[in-house]
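Visitor: Before we look, could you take me through how to read the features of a model such as this one?
Guide: Gladly; here it is, and we begin with the contact between chains.

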Amino acid sequence: MSGAHDNFWALTGGYLNGDLSAAERRELETLLRNDANLRQQFLAEVELDETLRSVCRASENGRSDIADKVLRSWPAVPHTANSVNAMHAAAPKTFWRRHFKQVAAAAAVLLAVGIFLALFQFGKVQPPLATIVEINGTALLQHDNTSRPLALAETIGRREAVSVAAGSSVLLSYADGTEVRLLEGSRAFIGGEPTGRPRNGSKEIFLAAGRLVSTVAPQPARQPMFINTPGAQTTVLGTTVNASCTAARTRIDVDEGRVEVSSLDGAHTALVSAGEFAFVKNAAVTVIRKFSVNLQAESGGRQPPMQRHFAAGIDYVASSVADQGSVTLEADLDQGRYAVWCRVLAASSNADSFHVAIDDGAEEVFDVAEGKWSPHWQWSQLSTRTGNRIEKSGLVETAPRILTLKTGRHKFTFRCREPNSALDAILITSDPEYVPE
Amino acid sequence: MDEHVARLKSGDRNAAEALIARYEMRVRLYAAKVAPRAGMAEDIAQKAFLLALQNIHKFDPAGDFGVWMCGIVRNVGRQEWKRLATHSRVERDGLSDYIEEIAEMPATSSSEGEWLDKLRDCIDRLPDRAKEIVKLHYSLGISCKEVADRTHTQVGAVKMALVRIRRMLKECISARLAGDTR
């Protein structure tokens, strides 16, 4: 394939991912204008991308949900200004009709704004905060002690909470383009904590439980957006940030830009940048840089009879002799705490353990699939035996190992314990909550 | 006139679901071309269908429902551009206008169903790694960056993988439509 063609495909890929720069968009436009064949290929690529989205979503959900969403909203949603504009733009109009309607609309808008400002001045009306633009599944709108199903295009005001059912999600949009997606099991007060004092002009969300993903448009310097939880306060000036909370802890992940995370009492504060996440637990804020490395077992140094095998498209190592043969994998790591996940094959209780040593430390038994034996590969977190047995099942009780390591090169040695325990790869991550799929 | 449109105009709301099913794929494909960002086509299609149902009484029975929908989709798409442009420094540019200009509402195709069947079949035949990326990006709607995080690769590698996957699918569909069932 020629360089020009490679460039065309790279630009088309960038267009579909929405990450072309202005110069790249101009370059793509020039290519399309000058080559009918590329135009055809480009449109086919856009169609295939959208068809994949549609077909895969339908496979995932059992069916396409557009009809469901539209029909659910149809009787409930009145004509909005936007809908009127969109329809009118689509239909031809006479000069008189256009001007008559513009004058009438302008008068109505002025009247509404006047009434709104007058009422707002006296504190009788709260400004609208966010509009529901997407509902996947089921969600409730709660106000005081009442609740009812949430509807598309509804505006959510202060002291109103949105509760999202399992397997569902809700997308809220603000007038400035800020978007917040509430994920399953979430409960959030869109105007901030119901008992708190509203901050003048700032957007506030109080996430009482669950998880949200937000893309925050640039906010005025003195009016940042606040994303609060029962344990923490996050100040956002414009970035992509995810928040989740349980009763015990709050977690803030930052994809772009930087946010400030504080414990609720304000005693501990930290700046969290892109690629980092913060835990707020027991009023302490801990910032961790996201890092993970995946090491293939077959690339490690092996001591016989640990051997490399290849089956069903997977390269892995295993030894057929009990307690003999090992593989050592090495990684350069920064100082920190790490979880280690291992992709293992443990078909039975006779083939499900290694002796594992970190650097020159003592070996510990790693039961890779205690009670979860399977003929299929699975991810298993590196663990150690606690010395107890689980009542009823009699299985060995294990506890995950979180390794505290210094900056430098580290060795992870897996020595065979039970024959035919197989290892495909290990994943070392700084995220203690990460679970490979 | 489309029988479902006729039923709707006569007040039979039950015809809506069948009407949406009939035009959904074509509306989505056109929405994908006028959307400011990939992944917004579903939202635009949804809003366009809602507007069409709310204003079905305005549809001229002598006209083509697909063309009418096309106009609504185009205008909803323009509104989305404006909404995003408010504060996100996203501006409608020459490329957007040009794509809208060259993209027409896809014509009805009797082989659409067969093409979709082949596509599903070809997705099943992808290598496991490719299938995983398709699932994360297309089924779960996860961004390339997050796919890279989850699969522990670089964002660039995920983007290139998507280009390769689409190419493999196109070749597979062409081969299967031509009768090659390997």
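Guide: Chain B gives 71 residues to the contact and chain A gives 65 residues, where contact means heavy atoms within 4.5 Å. This is a predicted model, in which local features need pLDDT of at least 70 and side-chain atom pairs count only at pLDDT 80 or more, while totals for chains, interfaces and linings use all residues. Residues are numbered from 1 along each chain as its sequence is written, and side-chain values use heavy atoms, with hydrogens and water left out.

Visitor: How much area do chain B and chain A bury between them?
Guide: The size of an interface is often given as the accessible area lost when the parts come together. Here chain B and chain A bury about 6600 Å², 60% of it on carbon and sulfur atoms, the loss being computed with a 1.4 Å probe and summed over both parts.

Visitor: How many salt bridges does the rule find across this interface?
Guide: The rule, a side-chain nitrogen of Lys or Arg within 4 Å of a carboxyl oxygen of Asp or Glu, finds five between chain B and chain A. A:Glu45 and B:Arg166 meet in a salt bridge through their side chains, at 2.7 Å from N to O.

Visitor: And how should I read an aromatic pair?
Guide: A pair of aromatic rings is described by the distance of the centres and the angle of the planes. Rings of Phe, Tyr and Trp (its six-membered ring) pair if their centres lie within 6.5 Å, and planes under 30 degrees apart count as stacked, over 60 as edge-to-face and the rest as tilted. The structure holds 11 aromatic pairs over all chains; among them, A:Tyr316 and A:Trp377 are edge-to-face, at 5.2 Å centre to centre and 65 degrees between the planes.

Terms used:
Chains are lettered from A and ligands numbered from 1 in the order in which they are written. Buried area is the accessible area (1.4 Å probe) that two parts lose on being put together, summed over both.
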